[in-house]
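I open these notes to record what I looked up, chain by chain and then contact by contact.

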Amino acid sequence: MKKAFPILGLLTAALLSYALYDALIVAPKEQTMGDVQRIFYYHVPSAWTAFLLFFLNFLASIQYLVRRDPETDKVANWVVITFAVLTCVAAFVIKLVPDLMKALPEGVELSSIATTGPIIAGIYFLLRKLFSVEDSDALAVTTAEVGVVFCTVVLVTGPLWARPVWGIWWTWDVRLTSTLVLWLIYVSYLVLRRFSSSGQTPVLAAALAVFGALDVPLVYFSIWIFRTQHPQPVIGGGGSIDPRMLRVLLVNWLAFLCFAFLVCWSRYRLERLKRQVEETQALEALLEPRGAVR
Amino acid sequence: MTYLYVAYAATWAIHVGYLITLAVRYSRLKQEINDLNKK
Amino acid sequence: MSAPSGVTFATLMKDVRLEWRSKDAINSMLFFALLVVVVFSFSFDPLAEESRQIAGGLVWVAFLFASVVALNQTWARELRNQVLDAYRVSPAPANSLFLAKALGNLIFVLVLEAVMTPLFIVFYKLRALGPAWQLLPVAILGTWAIVVNGTFFAAMSLRTRSREIMLPLLLFPITIPALVSMVEATKIILVGDPATSAKFWIVLLATYDVVFTTGCLALFETVLHAE
């Protein structure tokens, strides 16, 4: 396993370099914004990666809270399975009822509704299999930290893109504001973990993570309504995207996903090592008085 | 134009900065492990 | 069935009585809110027409900061006298304790709002041009949103360093949807444009309250035993 790391590292570096070349040279120049638009190829994949990592944090936190007790664990398993089945069924029901079909928001495909539920359930059970209860907590910390790093990139590249294009550094539009709030929530999560001296910090942090995750859709929704009442600059075209640009975007996303995976892996190993050291130190502290008596 | 390069540079600065903090934490842990091993 | 609510009621009454005698929280909250109002009034002319637009946000920011003062000391009394340990051992459901604390905080902050509102009206020459009665559900639902999460996070930050900073740090990001709703609803009611209605924001507030009250009740037992 450990030998794979350098090889994967080299491959990821190569992929990132290729993605950079794609973004700077191969991708066509945007008509209205010019070369600055190329920030898009770093900004959007970072955002998607951050959201994915935060979602993994949500799943890991739930698992940590739920798996400590066998009863709640069973209940949670059934809830997840029911969720997956319901989303599949919902897709069919929506198709059959014309009123619901009309109520479907733009751009949402029935197939994505039908597949997302089972995919989420699959990831939940995969995590359950791969990580023990303690390790779920380590995974939660890891994904939160790396997620914050990627979210910071989003919040830095966003204004750097906005300034030359619209002349302002910041605007309180939906996406930027909800990303900022997301960043704040997870930074507060990390601060709680750092500053809490209770032995049950992981439990508290997991509870906070669940709250934060519940909050995110509410934040997005409330700010969306809040801001659509006022005129605002529109971010990124709502319509279709040039297929060449799409290709470059996806290549960059893949590269950043591989990079994020390696960073998470490193952070996770660090976390596991730290916990082992702490356990050993605790044992040492227990054993020392005996040695002193002798 | 320069905004583009600043953005890309900032992205990598943030990532490299984080990786450096990881490396620092690693070396501190290794130090603690050495201390424990000596005991 | 009567046992949990009995416990809740008893704990609530104890807190209200204690607070009535000492008036600790109420006094500090009042003073803090008053300070905030005065300082804000220096930053812009409170008599201008635009202030009617901003007043909604200001009022709620003042109440939010003042609530944090009350929330911070929610559990302090319990911690000092080892009441929490007694609670953990007793068969009383943890939720009763939480509800009692949250309701107590709700009462305190609502009292604060009742006292401060006339002052705000006088300082900023506020007059609701829209349906003023709608401010009541906004106040109750909004205050509950702050208080329910605040009581929960106050319990969470009990054993953390820099406890007083931890509470607002955890609380503010999570309460942003509620804050947005409160501020927007208040603004719509004050400005009184007949084309707009605060009903949507009130519904959003109610949704937020339901979601997070459920979350707090579900997770409080875990948090209580985690300290």
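**Entry 1: chain C.** What share of the 227 residues in chain C is buried? I find that buried residues make up 43% of chain C. I note at the outset that the model is predicted. I looked up the secondary structure of chain C and found ten helices and zero strands. Along the sequence the pattern reads α-α-α-α-α-α-α-α-α-α.

I then checked the overall dimensions. The C-alpha trace of chain C spans about 55 × 30 × 30 Å along its principal axes. For 227 residues, a compact globule would have a radius of gyration near 17 Å, and the 18 Å of chain C agrees with that. I also looked at contacts in chain C with a separation of 6 or more: residues 24 or more positions apart account for 85% of them.

**Entry 2: chain B.** Of the 39 residues in chain B, 10% are buried.

**Entry 3: helix α2 of chain A.** I took helix α2 of chain A, residues 40-67, and tested its length. At 1.5 Å a residue, its 28 residues should span 40 Å; the end C-alpha atoms are 40 Å apart, so expectation and model agree. I next asked how many of the 28 residues of α2(A) are buried. The count is 22, so the helix is largely enclosed by the rest of the structure.

A:F40 lies in this helix. I classify A:F40 as buried because 22 other C-beta atoms lie within 10 Å, where the cut-off is 20 or more.

**Entry 4: which chains touch.** There are two pairs of chains in contact, and of these chains A and C share the most contacts. Chain B and chain C do not touch, and their nearest C-alpha atoms are 22 Å apart.

**Entry 5: chains A and C.** I find 26 residues of chain A in contact with 25 residues of chain C. On the chain A side, α7 (174-195) and α8 (201-228) each supply at least two residues. Which helix gives the most to this side of chain A? It is α8(A), with 14 residues. By residue type, the side of chain A that touches chain C divides into 18 nonpolar, seven polar and one charged.

**Entry 6: chains A and B.** This contact takes 23 residues from chain A and 19 residues from chain B. The chain B side divides into 14 nonpolar, two polar and three charged residues.

**Entry 7: nonpolar core.** I looked up the largest nonpolar core and found 132 residues in it. A:A207 and A:L208 have the most contacts inside this core. Which residues does A:L208 touch, not counting those up to four places away in sequence? I list A:Y189 and A:L192 from chain A, together with C:M156 and C:L170 from chain C. As background, I note that nonpolar side chains tend to be buried together in soluble globular proteins.

How values were computed:
Residues numbered from 1 in each chain as written. Chains lettered and ligands numbered in written order. Predicted model: local features only at pLDDT ≥ 70, side-chain atom pairs only at ≥ 80, totals over all residues. Helix = DSSP H or I, 4+ residues; strand = E, 2+ residues; numbered from the N terminus. Expected span 1.5 Å × (residues − 1). Buried ≥ 20, exposed ≤ 12 C-beta atoms within 10 Å, placed from the backbone. Contact = placed C-beta atoms within 7 Å. Nonpolar A, V, L, I, M, F, W, Y, C, P; charged D, E, K, R; others polar. Rg over C-alpha atoms; globule rule 2.2 N^0.38 Å. Core = buried A, V, L, I, M, F, W, Y, C linked by C-beta atoms within 7 Å.
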